[in-house]
Amino acid sequence: MNLLGDATSPYLRQHAHHPVHWRPWNDASLQLARSSNRPIFLSIGYSSCHWCHVMAHESFEDPMIAALLNRDFVAIKVDREERPDLDTIYQQAHYLITRQPGGWPLSMFLTPTLEPFFSGTYFPPTPRHGLPSFTQVLVGVSRFYQQQPQQAASQGQDLMTFLRQHQKTTRVKGGVTDPGVYVERLLESFDETHGGFGGAPKFPHTTDQRLLLRLAFRDGETEYAEAVALTLDAMCRGGIHDQIGGGFARYSTDEFWHVPHFEKMLYDNALMLRLLVEADTLLGGDAQRSRARRGIVAWTLETMRLEDGGFAGSLDADSEGIEGWYYLWNPEELRGLFTADECELACAFWGIEAEGVVEGKSLPRIQLKEDQVRERFGPQAVETLERLRLKLLEARQRRKPPGRDDKLLTGWNALMLTALLGHAALERDAELMATVVEQIHQLRRLMRRDKQWLAVSGRGQAHTHAFLDDYAALIELYLEAALRAPDPSWLSFAEEAAHEMLERFEDRQNGGFFLSCNAHDSPLRAKVHFDASTPSGNGLAATVLLRLTAATGKPLYRQAAQRALETFHPFLAQSQGGHGQLLLANDIANRGVAEVTLNTSQALAFLTPLGGCYLPDAVVRPPSPSTPPGANLCLGSTCLPPCATPEEWQNRLAATRPQLTDASPWPGRFSQ
């Protein structure tokens, strides 16, 4: 037994039985490396990572490889979800060393003073596909460090010096980025046939899609809305969408959205749910998007809810030792569940074939439109399909399920709760809204200690100071709650978190926000401006501070947001993609948000209709003594006449809906 058995992270505990003398990242482990003058082998991954599992089984369970690691290195395991600051730093270092994109598992070799001097990701146990064996890597790195320690130290120091210089930013006062230029560059990589950006592997790029919707609404750019509609249609039909159990996988391994990498993350589904809500409020209701939304909600509440409150982080890609096995079918299995006619319908609709594309089986994906189903199988066939789906789900639940990472992550939970608020408001689902509100309160009870937020909870233990992304997501959650479930405490909670965020993370001298509140056990404090798995912390921080300015009228929030936008303006001006969240903040800075002011005892009656309106990042302002009775709406710098009754208010909101919803799909650049 190594030192990971008591870890709160399921990922770390997965390695507790290894013959490798794994240690957690803590002061004692770092001190051991210094006192023994041994390099650190740092392995970063997460519990649902397929290739992390592969390398663990192939190499870390091998006694001979373990003996090499134990003799020549201090072996440290890090869960990237618990320490995103370390992952960010060493992913950047990996790129500088290899000039290749990073990923997980990240295999990093550090000097005892934490400077990286050699790096890789997955290494096989024997040489293949141009990769050296992990044994060759260990022997070579150990020999290099022992024979040329000064060169290893010098390489690591030079690299860290470069990274520290890279973190230094300069504000460009008055710098304004035109989001239209960014979007035009982004659309150069748009797949006009299958939607999405670039080729395989293909990721959802949810913040970029939200930006496209925003500009379609603001500027009448119908081709932007069309690009999102095409992408969401393809994703909702594809294998990246779990057609049987709901929810979305991380990304597609092909350009068609057919075969995903099967891990299912809480944050991906939160971001997809929010995008789908915004698409339906702007583009009009769509049956396929609605099913996808409801599937995410069902998956979240039924599969990911934790017993003590909050939601688990992820589901593994693997089941029965095979990636995706839990989700795959063949016709023979369906014949054991359905009648002959039902089997023919199910196989045709979901593309279940005798020779499937994954492990000889098929992954359900929608092959027929509803009118084609009715024409081929009869008028009741669509309703029959829902019954068959439930039967497949019941049969699937008898299989061994993928492993679940049960730790609670504050920021990811905040993202999901924000999305659930929007969905509940759109559906006017009072029961779900009450459930979400209780979960918001429970998150605060679980994760706030001694007047600060913590980032992680596992095995009933909350720990690790919250990061920038956690605080920004919490502020967004409270602003969204104020819009959906009237309670004056929401705004006070948002301001409380905002003041803590400004105090602990802002770089007042150079602008922008650091990811972590300190760097006592890491080589530097990173600033992140690029959207990766989740929206960038700086982009989300700028967004929520601008919304807080609108909600409170306090200029200090806008000033901090403006400093961040000026800091990252040079990156936005040249970006080819991946800065959607900062561009959303930039758009708010330039054009404002919808502001709702209520002076009525019927607050819920006035707020409820907002759920069906596309008013992205809208805020509720507390009334002043001069606020007229009823509801007041300002769009940017234009304030509309007040409405005294809920009926008048609903008519006013209906008049704000853009004409885009009247024609779908729209004639434009991507029309087929």
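**Rings, a helix and a serine**

Start with two rings. F262 is buried, and Y327 is buried too. This is a predicted model, so please keep that in mind throughout.

These two residues form an aromatic pair. F262 and Y327 are stacked, with 5.8 Å centre to centre and 10° between the planes. Where do F262 and Y327 lie? F262 is in the loop between β7 and β8, and Y327 is in the loop between β11 and α13, so the pair ties together parts 65 residues apart in sequence.

Next pair. The ring centres of Y267 and W412 are 4.6 Å apart with the planes at 70°, so this one is edge-to-face. Y267 belongs to helix α11 and W412 to helix α17. The pair links distant parts of the chain, 145 residues apart. Both residues are buried.

How many aromatic pairs does the whole structure hold? The search finds 26. W22, F41, F60, F73, F109, F118, F123 and F134 are linked by ring pairs into a cluster.

Charges meet rings as well. The charged end of R80 sits over the ring of Y46, 4.4 Å from the ring centre. R399 places its charged end over the ring of W329, 4.0 Å from the centre.

Now the helix. F134, from the cluster, is also one of the buried residues of α6. Helix α6 runs from residue 134 to 147, which is 14 residues. First C-alpha to last, α6 reaches 20 Å, close to the 20 Å expected.

Which residues of α6 are buried? They are F134, V137, L138, V141, S142, F144 and Y145. They cover an arc of only 165° around the axis, which puts them on the same side of α6. An α-helix has 3.6 residues a turn, so residues three or four places apart point the same way. On the other side of α6, Q146 and Q147 are exposed.

What do the buried residues of α6 pack against? The list is β2, α3, α4, β4, β5 and α7.

Last stop, the serine. S9 sits in the segment before α1. S9 is buried, at 0% relative accessible area. Its side chain makes a polar contact with the side chain of D79, at 2.7 Å. A polar atom of the S9 side chain also lies 3.1 Å from the backbone nitrogen of Y11. Leaving out residues up to four places away in sequence, S9 touches D79 and E82.

That is my tour. Over to you.

Conventions
Residues are numbered from 1 along each chain as its sequence is written. This is a predicted model: local features need pLDDT of at least 70, side-chain atom pairs count only at pLDDT 80 or more; totals for chains, interfaces and linings use all residues. Side-chain values use heavy atoms; hydrogens and water are left out. Rings of Phe, Tyr and Trp (its six-membered ring) pair if their centres lie within 6.5 Å; planes under 30 degrees apart count as stacked, over 60 as edge-to-face and the rest as tilted. Helices (H or I, at least four residues) and strands (E, at least two) are DSSP runs, numbered from the N terminus. Buried means under 20% relative accessible area, exposed over 50%, partly exposed in between (1.4 Å probe, protein chains only). A charge sits over a ring if NZ of Lys or CZ of Arg is within 6 Å of the ring centre and within 35 degrees of the ring normal. The expected span of a helix is 1.5 Å times one less than its number of residues. The arc is that of the directions from the helix axis to the C-beta atoms. Contact means heavy atoms within 4.5 Å. A polar contact is a pair of N or O atoms within 3.5 Å; within protein, one must be able to donate a hydrogen and the other to accept it, and residues adjacent in sequence count only if both atoms are side-chain atoms.
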